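Reader: Hello! I am new to this structure, so please walk me through its terms, and tell me what stands behind each one.

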Amino acid sequence: MKPFKSFLILACLMVLLAACAPMATSETVLQQTEEYEPLRFVTSFTIKSLDPVSQGFWLAEYGVAELLMQYRDDGNHYPWLLNSIENVDDLTWVLTLREGLTFQNGKPVDEEAVLAVINRQMELSSSAQSSIPEGTVFEITAPLEITVKTLEPYPRLIPTLASESVFPIYDVEAVEAVGENFGELAGTGFYTGPFSVVSLDDQALILERNENYWAGRPKLQGVEVRFVSDAQARILAVQNGEADICNYPPTEAKSVVDATDGVNFVYGWPSSGGFRAILNTQESPFDDPAVRKAFNRAIDYAVLANDVMDGVVKQATGFFPEWVPFSIQNQVTDLEQAKQLLDEAGWVVGDDGIREKDGERLSIIMLIYPQQPDLVPISEAIQAQVLEAGIEVEIQLVDSIFDALTDESTVWDVGVTSGGSLSFGGSPEQSLLTYDHSEAYRNWAGHTNPELDALIDELAVTFDSEKRTEILKEFQRVRVEEDPQQFFLTFHTTRFIVNDNYQDYHPGMALYFVHYLTTPGEYETPTFEDN
Amino acid sequence: MSFTRPFNPLDAAAEIETALPVVKHRKVTARLWRHSQARIGMILGILLLCFVIIGPIIYPHDPAKPDYGNKLAPPGSQHILGTDQSGRDQLARLMEGGMRSLGSALLVLGSVSSAGLVIGLIAGMSGGWFDALAMRLVDVMMALPGMVMAIAVVGVLGPGFINLLVALVISSWAYYARLTRSYVLTARQRQDVISARLAGIGWGRVIFTHILPGVLTQLIVIVTLNLGSMIAWISGLSFLGLGVQPPKAEWGAMLSGSRFYFTFAPWLLLGPAILIFLSVISANLIGNALRDILDPKANE
Amino acid sequence: MNSNQHYERVEIVKIIFQRLLQMFLTLLGASLIIWALLPLAPGDPAMRILQSLGVTEPTQHEVETKREELGLNQPYHMQYIQWLGRLVQGDFSESYQNGKPVLEELGRRLPDTFRLASLSLVLTIFFSISLALICTAFHNQWPDHLILFLTQIGASTPSFLIGVLTLQFVVVKLGVGKVLSQGDVKMILLPALCLSVNRSSNWSQLLRAGLLEAVNAKYSLVATARGARKLRLLFKYALPNAMLPFLTVIGLGIGGIIGGSAIIEAIFTWPGIGSFVFKAITARDYPVVQGFVIIAGASYVLASTLVDITSTLLDPRIREGGQL
Amino acid sequence: MNEIATIQYQGLNVTYATGVHAVRGVSFDVRRGECLSLVGESGCGKTTMSHAALGLLPANTRLSGSININNIDILAASSNELRQLRGLVAGFVVQDPYAACNPLARVEDHVAEAWHAHGMTVPDQAVVQGITELGIQEPGTMIRRYPHQWSGGMLQRATIAAASAHNPNLIIADEPTSALDADRADTTLEALKQTGAALLLVSHDLAVVSRHADRIAICYAGKVVEIGDSQEIIKERRHPYTSGLLKAIPSLHEGLPEPMPGYPPDLRYQIAGCAFAPRCPHAMNICLETPPKMANGVACHLYVEHDHAKEKITRQTSTKELPRVSDRPPPEVKAKVLAEAREVSKTYRQGTRLTHAVRSASLQIKQGEIVGISGPSGCGKSTLLRLLATMEIPDAGEVYLDGELATRAGSKKIHSNLARKAYLMPVFQDPISSLDARWPIWRTIVEPLTAPHRKNQLSKEQSRQIAYDLLKGVGLENVDIEARPAELSVGQCQRVAIARVLAAKPKIIIADEPTSALDVSVSASILHLLVEFIEQERAIVIVSHDRPMLNVLCDRVLEMYDGLLVSNS
């Protein structure tokens with residue numbers, strides 16, 4: 001092992017020790033030993049302004065803004081700026097803030113400040129409006145205590161508080177003081193996180209260390225986020241030493257990066273998103289559940305993830321990714337069963353290997369879209385796989401998959417979209433209500449399954465986690481085994497291309513790229529428990 | 001006020017002192033072949049055309065068939081130029097992409113020159129309101145740079161290869177219409193045309209026998225001269241993702257897609273780069289030579 | 001004498017006025033075409049604008065109000081006049097992507113594009129004049145042949161190709177410059193050079209032909225017979241005479257530079273309006289595309305009119321009227 | 001001392017990079033204060049000879065022999081020595097004054113170039129003085145103007161002032177008058193002579209030169225064939241070429257000019273004997289074998305005693321009698337009017353400037369007539385012709401063909417069918433562009449026969465036969481009927497154009513400067529072809545600036561000036 005690396009590890013160990021030590025002493029130690037250059041990200045998405053309502057979620061991802069709750073890669077929720085959240089009864093919640101919290105500008109984060117954020121977000125933010133049911137009342141009931149009352153049982157409140165775009169906690173006074181000129185917010189320290197905004201323009205977001213961060217002194221001097229839409233340029237920038245970490249690299253970059261010195265391919269938190277296949281049950285052949293099942297069984301999910309996509313994406317073993325606590329691995333590949341199902345349904349293999357029934361060929365149209373280039377190899381592989389079962393696939397590229405599926409005149413059998421199986425805050429019912437429910441607005445096929453609807457409805461008002469798990473498992477069983485009208489082809493991963501300094505980079509918490517302990521080399525992930 | 005002075009007999013006569021009329025080769029192709037730069041251009045052009053037309057017939061690989069187990073294979077015996085990021089045969093894709101790059105450049109130029117020919121011919125011959133209207137439209141179209149106009153049309157229609165071609169046609173027909181019209185206007189006053197008219201030959205036949213051949217010659221020169229830049233435009237805009245959408249092959253798009261494999265698989269980038277360069281230079285060499293041979297006075 | 005000079009001045013003013021009027025009419029015509037393209041864009045503008053403002057599922061009423069506000073329910077000629085009126089007042093509508101005024105979005109990026117394009121123009125003119133002068137001075141000798149060969153290659157390499165190869169070989173391999181130039185003025189030289197290679201090659205060939213024509217003209221022969229040296233011929237006779245038509249080439253070429261800078265911006269992550277508009281095209285953000293076309297078109301028309309007027313003023317044959 | 005030559009040519013040979021051996025052993029000299037004129041048709045090498053004197057030939061031209069100016073051999077001189085000669089010792093004047101001046105510089109700069117070029121300061125008032133001496137009004141104002149603001153005659157005088165700025169010993173003037181109207185030519189040549197320098201004058205126009213030059217050197221195929229006192233040369237006509245040349249010039253010859261058969265030789269090849277022998281009516285065997293030496297001012301075997309017999313070569317000469325104008329019966333007074341223009345006017349508009357090209361001109365063309373229209377350039381004569389030929393619509397007045405209304409002001413229509421049924425056929429000034437450059441000449445010739453109103457069905461073979469016969473009729477039987485115009489000489493093209501007219505059998509030939517693009521010997525034959533065309537019921541209208549030619553050719557000549565037609569029988 002190189003001496004430099006061992007030194008780094010030693011340093012990290014010291015940091016760990018120091019972090020465990022009481023705050024007052026640790027501060028002086030840190031100042032002497034920890035001086036890390038700013039971490040430089042290159043990302044594809046431009047942060048358009050410092051408006052906390054529309055763009056605040058980005059600042060949460062880069063360690064500027066913080067939320068009341070945190071959703072972690074173990075699939076569970078933990079208090080973040082809250083000290084605790086308590087479910088008094090089905091309709092009442094009590095939120096208790098941490099003591100001694102301050103904004104970067106030194107103002108206290110008290111119940112008044114948080115309530116001001118909640119009220120302002122409820123007024124201006126469409127995602128807050130859509131996430132919090134109508135009639136919900138937030139009120140201060142004690143110092144550092146806010147009570148939430150809902151009209152109906154709302155178990156999704158916790159994921160909602162962990163959702164980055166709903167209630168990022170910011171200094172409402174500071175924000176309202178600048179009116180529409182959000183640019184003036186730079187340098188005002190209006191968030192609570194370990195890094196504060198120095199400047200933001202079209203090219204970059206520049207952050208500096210928040211010396212007074214409540215959980216401890218951040219180890220990096222700062223963070224720079226550059227906005228570069230061209231993926232190739234982002235990778236070249238890391239390779240050329242102009243950036244440390246490239247966000248959102250295309251999957252196809254892995255093989256090259258693996259073979260190139262100085263750049264590394266690393267995975268981040270597990271993603272709940274994936275490519276979702278939606279079958280059109282209004283038309284033949286997918287109006288027949290047997291054909292739907294056969295199609296689902298004929299696809300080799302392991303090959304898609306491991307061979308076609310080189311393992312850069314995860315195999316879809318069920319309706320939820322494996323890491324999700326309540327997931328069951330019931331999505332299987334069984335070509336023989338698929339053939340048998342089709343045989344039983346009366347589809348006979350024709351001369352050219354394609355099945356036929358009553359003169360109709362078993363030929364389906366699969367819609368993909370260019371914004372997701374990975375869909376090309378995936379769909380081509382599926383085309384080859386289901387051909388074994390006698391199903392012919394015609395791949396069509398459409399400009400906008402949403403427009404195509406919404407448009408009445410489009411002829412389609414399978415539409416592939418990219419979407420989450422959980423919401424950003426980790427709620428399963430959010431996406432079920434968006435896609436899978438009969439009345440969901442993205443139920444483009446207009447498919448109805450009363451059994452599934454009942455399960456979703458029940459889930460939406462159930463608090464008890466064991467009961468929820470039971471419902472979810474039943475849902476997965478029905479969805480995958482009996483009525484695979486919608487299912488996942490692969491699950492996404494979060495990926496980064498990093499230089500050698502950051503080859504141990506692990507943005508442990510869901511969606512958050514940087515925190516106060518992030519450094520080059522190995523480092524600890526904060527838990528924020530019992531501070 | 002005009003700077004043209006009356007035809008001066010002695011200017012013409014003075015030429016004879018240094019260059020007597022030499023019996024030239026009448027066939028343009030033969031004259032091109034004797035032009036050394038044109039010969040290089042023609043050999044290159046023929047090789048490129050063979051590459052994209054005959055190549056796919058004799059080369060056994062399917063350009064669209066991915067082989068995920070054999071990605072980014074280096075050039076070798078099975079895949080002569082290696083494979084791309086999806087394991088598709090690079091040589092086959094270069095052939096298919098060339099058909100699209102070169103074919104579409106020719107298609108666009110063919111359509112704009114025929115559209116320009118028809119409009120310019122009618123405008124020049126009819127005069128009157130059609131001429132006035134068409135020429136105002138031409139003025140306006142030419143007031144916007146071609147690239148900007150193409151961006152406007154692609155911006156409206158959305159990215160896509162057909163849309164790109166439509167955009168290029170819309171943004172470049174005007175030049176050909178103006179060229180044709182001005183040629184027709186000059187030709188109407190030409191002495192051989194006046195002679196034919198006075199002798200009783202109708203306009204229709206005069207157009208087909210005296211005017212059109214000249215217009216066509218001019219257009220062929222201009223089309224060849226513009227072929228290079230058209231190839232560059234199509235591949236450039238496809239490079240930016242405004243043209244061919246994956247998985248279809250096109251040189252500009254292939255170039256774009258292969259950029260980050262460069263350190264690992266440079267052949268993926270160099271292939272389309274070299275082919276684009278060779279096509280443009282071939283077209284330029286032939287175009288310059290054609291201009292020298294057919295149209296020595298025209299500098300633009 | 002005085003009255004004569006006065007007469008000439010009136011002529012010049014008249015010529016300039018004519019050119020400006022012509023420019024104005026051209027701009028008007030161009031605006032009509034740009035406006036007429038709008039209905040070809042997919043989707044209802046009112047809907048798109050509402051969505052850009054964060055209203056994901058606008059009600060019928062909201063859409064109708066917006067349509068009314070945009071004047072979309074009026075007859076076409078009124079729509080055009082209103083649109084033009086808004087344009088003149090600097091209202092270029094709002095971006096579909098973020099609901100911000102297009103003019104503001106483009107205006108922010110304009111200085112960067114202007115820097116890149118103007119530096120490239122200066123480089124191009126510098127290269128083409130020096131190369132053409134060398135070619136003419138050494139006509140049919142090795143420097144001429146060498147430059148002709150190189151410019152033939154340069155003229156056949158599209159600027160995006162030069163950009164890509166430069167980025168790979170010069171920036172990544174040799175470590176000169178940065179991948180993310182991001183508007184850093186120190187990094188402007190590389191993209192500007194890439195943008196000028198192709199055009200300087202073409203232009204130097206054109207100018208070389210013009211210089212040779214002037215060198216072979218009768219007046220050069222006469223000047224030689226009066227005892228003028230070769231250098232005097234080149235700079236006093238050939239260059240001014242060849243520059244007049246070359247100015248027209250420059251005027252027309254400005255359009256190409258505006259278009260070409262868009263591609264180079266995208267390759268070098270230069271934050272100008274070019275790279276911005278390509279993103280807008282992919283995002284189907286028509287107001288931004290339209291704003292770009294208006295600004296690029298107007299700057300081109302303006303620049304070429306200026307060049308045109310300049311060359312008119314420099315040419316005594318036009319400036320000084322006819323025979324007395 | 002007076003006899004010292006200012007410039008002396010000794011055995012000069014010039015071969016261009018194209019292989020054209022343009023000058024073949026030329027020796028002569030020009031003495032102080034003398035005017036020597038090199039005269040010859042295009043391609044004879046006279047311009048090359050004059051340019052060689054100042055080292056102005058292209059870089060890769062091969063020269064041998066010597067040219068001495070002030071005892072400096074130009075061919076051996078360094079570039080610095082040459083520069084000292086140019087502008088200071090020798091002045092230079094070319095044909096077209098507009099082309100000779102940098103269009104972007106003021107006239108004063110042009111006049112002062114000889115100082116600027118040599119890095120000298122221009123003496124006070126030198127430029128103004130030089131201009132004043134040439135009789136130009138308001139010199140102070142005029143020199144501040146640009147060349148295009150000067151008239152051609154005045155500008156040519158300014159270039160003479162420029163050439164003589166340093167009081168040079170020698171002025172070389174290459175066709176200094178041929179771009180000018182006839183009356184300006186004399187004053188320009190006088191201005192040149194007034195400079196007092198030895199004058200080497202290059203010209204194609206024997207008539208003009210004979211009035212001014214002291215001595216004349218007749219050039220043919222790169223050689224001087226005769227040299228001597230100008231009056232003597234005109235009078236004696238010793239060399240057969242000189243004689244032929246003089247016969248072809250209307251003003252120096254009684255009656256219709258006589259054409260000279262044949263063409264000058266191709267100078268890319270060696271010529272064994274006398275270059276003129278193939279065209280010479282007096283050629284002998286020796287003429288084809290031995291080049292004649294210059295003796296007593298003439299290089300011709302006729303004037304040298306030879307040992308062997310002076311056998312005259314018998315050759316097939318055209319037996320066709322040359323028509324004579326006087327042989328033609330005078331047109332009947334009451335002959336039918338073939339075409340008539342009644343009070344036609346035409347005005348061109350360029351911006352706000354109006355040019356009244358033709359003002360209310362009336363003209364009748366009768367059967368059997370040859371009508372000439374003459375006048376200075378820009379007088380509107382060509383426009384009148386175009387109006388008469390219905391190529392343009394008049395702004396006022398009408399044109400009648402055969403008594404029928406053909407065109408009238410205010411109507412774009414061509415009213416008479418005759419106008420587009422080969423009733424009139426044109427012959428143009430520039431013969432090459434009057435033929436379709438892409439067509440073989442046979443196709444051009446038979447084109448009028450394919451007009452729909454003739455209802456001819458000609459096979460390709462028939463067409464070619466007709467074309468061949470017509471070409472024979474215009475003396476082009478040796479020309480490939482598949483040839484393109486670019487492969488023919490200017491004179492041959494004009495013959496093809498006439499063959500086309502003959503094929504159409506029009507009633508009237510409209511000829512616009514039909515000979516001014518041609519050398520004199522060629523133009524004479526073209527005039528003959530036109531005259532042959534005249535029969536009782538036909539007519540010709542010729543527009544030309546060459547008044548003497550019109551005088552001998554036409555039944556009546558009309559003078560035009562500033563758009564007005566002045567009748568003149």
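Predicted model: local features only at pLDDT ≥ 70, side-chain atom pairs only at ≥ 80, totals over all residues.

Reader: What is the area buried between domain 1 and domain 2 of chain A?

Author: About 1,300 Å², with 62% of this coming from carbon and sulfur atoms. Domain 1 covers 36-227 and domain 2 covers 270-492; such bounds come from an automatic or database domain assignment. Taken over C-alpha atoms, the centres of domain 1 and domain 2 of chain A are 36 Å apart. Each of these two domains of chain A puts 17 residues into the contact, where contact means heavy atoms within 4.5 Å. On the domain 1 side, Tyr71(A), Pro155(A) and Arg156(A) lose the most area to domain 2, together 45% of what that side buries.

Reader: Why does Ser196(C) count as buried?

Author: Ser196(C) has 1% relative accessibility and the limit is under 20%, so the word buried applies. Ser196(C) lies in helix H8 (residues 189-215) of chain C. Leaving aside neighbours within four places in sequence, Ser196(C) is in contact with Ser120(C), Leu123(C), Thr124(C) and Phe127(C).

Reader: And why does Val140(B) count as buried?

Author: The reasoning runs the same way: at 10% relative accessibility, Val140(B) is also under the 20% limit, so Val140(B) is buried. Val140(B) sits in helix H6 (residues 128-143) of chain B. Not counting residues up to four places away in sequence, Val140(B) touches Thr26(C), Gly29(C), Ala30(C) and Ile33(C).

Reader: How many residues of chain B and chain C take part in their contact?

Author: Chain B gives 43 residues and chain C gives 48. The area buried between chain B and chain C is about 3,800 Å², 81% of it from carbon and sulfur atoms. In chain B, the residues losing the most area to chain C are Ile151(B), Val156(B) and Phe262(B), together 15% of what that side buries.

Reader: What does chain B bury with chain A?

Author: About 1,600 Å² between them, 58% of it on carbon and sulfur atoms. Here 17 residues of chain B are in contact with 21 residues of chain A. Tyr68(B), Arg259(B) and Phe260(B) supply 40% of the area that chain B buries against chain A, more than any other three residues.

Reader: What makes a group of residues a nonpolar core?

Author: The set must consist of buried Ala, Val, Leu, Ile, Met, Phe, Trp, Tyr and Cys residues joined through side-chain atoms within 4.5 Å. The largest such core has 185 residues, and Ile497(A), Ile211(B), Ile234(B), Trp251(B) and Phe278(C) touch the most other members. Helix H10 (residues 230-267) of chain C gives the most to this core, with 17 residues. A second, separate core of 146 residues includes Leu39(A), Val175(A), Leu304(A) and Leu489(A).

Reader: Which residues does Phe278(C) touch?

Author: Not counting residues up to four places away in sequence, its partners include Ile151(B), Leu237(B) and Ala262(C).

Reader: Why is chain D called as compact as a globular protein of its length?

Author: The radius of gyration is taken over C-alpha atoms, and the globule rule is 2.2 Å times the number of residues to the power 0.38. For 569 residues that rule gives 25 Å, and chain D has 26 Å, which is close, so the description holds. Chain D has 19 helices and 20 strands, and 56% of its 569 residues count as buried.

Definitions and conventions: Residues numbered from 1 in each chain as written. Chains lettered and ligands numbered in written order. Heavy atoms only, no water. Buried < 20%, exposed > 50% of the residue type's maximum accessible area, 1.4 Å probe, protein only. Helix = DSSP H or I, 4+ residues; strand = E, 2+ residues; numbered from the N terminus. Buried area = accessible area lost by both parts, 1.4 Å probe.
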